[in-house]
Amino acid sequence: MRDVGGLWADLTDLVFPTGCAGCGRRDASLRQGCCPDCVRQLAALRPVPARPVPAPPDLPPCHALGPYAGPLREALLAYKERGRHGLARPLGGLLADVVAASVGTARPVLLVPVPDRAAAARERYGDHLSRLARHAAVRLRRAGWDVSTAVPVRALPRPDSVALDRAGRAEAAASAFRLRAGWAGRGAGGRTVVVLDDILTTGATLAALSRTLRAAGMTPYGAAVLGATQKRRPR
């Protein structure tokens, strides 16, 4: 579905004088989303199964594009935290590859992104994962897939997970989501449900979202993420 040329076209459509989103390189000739070296590194990534250890109950099978490191990590941070919203299209295209690996031949597909908290969406000028989901769906449809997107749950206020340990993340995620009005028992209309997130850390958020969706008859088949954090080994 993806090739280096296509990814390069997406990234060079962006005009940013602030430098490469993947490595921060700056010079007079660099006026694009990512430098050629970072594009090559991103294009070389291939989706693989990913699972935290220990994995929380109710976490569906997960696939990740790659480790949350290097140009992938920096591009995600630039998109989420530094206002470089134009990166949604190339990152969404990469996420489409992960969805394809996650579901295989199980189609049609319903993509359900983890929703942003209202405060986070305001700070980021929109729900960052919903944008990625829309671009992923566009890329998959161009490849002939029957894909739709939905946000059947809303995110409730909760602490920022960055400051929480594994136990804290699990506790915060347990009551993080609520079905929107009209979705209880509605089901997925025969579609294969894939939940989406940008980063897989402990899996608590995806597990909590999956439990909430199950109450609406929308049990996820799998999960697709861009980056998976790597457990540090003791020296």
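1. Val103 touches Val109, Trp145, Thr192, Val194 and Tyr221, leaving out residues up to four places away in sequence (contact means heavy atoms within 4.5 Å). Val103 is buried, with a relative accessible area of 3%; the cut-offs are under 20% for buried, over 50% for exposed and partly exposed in between, with a 1.4 Å probe and protein chains only.

2. Before going on: this is a predicted model, where local features need pLDDT of at least 70 and side-chain atom pairs count only at pLDDT 80 or more, while totals for chains, interfaces and linings use all residues. Numbering starts from 1 along each chain as its sequence is written, and side-chain values use heavy atoms, with hydrogens and water left out.

3. Val103 sits in helix 4 (helices are DSSP runs of H or I, at least four residues, numbered from the N terminus). Pro61 is 42 residues away from Val103 in sequence, yet the C-alpha to C-alpha distance is 9.9 Å.

4. The largest nonpolar core has 68 residues, and Leu91, Leu111, Leu206, Met218 and Leu226 have the most contacts inside it. Helix 4 (residues 88-103) gives the most to this core, 9 residues. Such a core is a set of buried Ala, Val, Leu, Ile, Met, Phe, Trp, Tyr and Cys residues joined through side-chain atoms within 4.5 Å.

5. Leu206 deserves a look too: beyond its neighbours within four places in sequence, its contacts include Leu59, Pro60, Cys62, Val114 and Ala223.

Terms used. Helix = DSSP H or I, 4+ residues; strand = E, 2+ residues; numbered from the N terminus.
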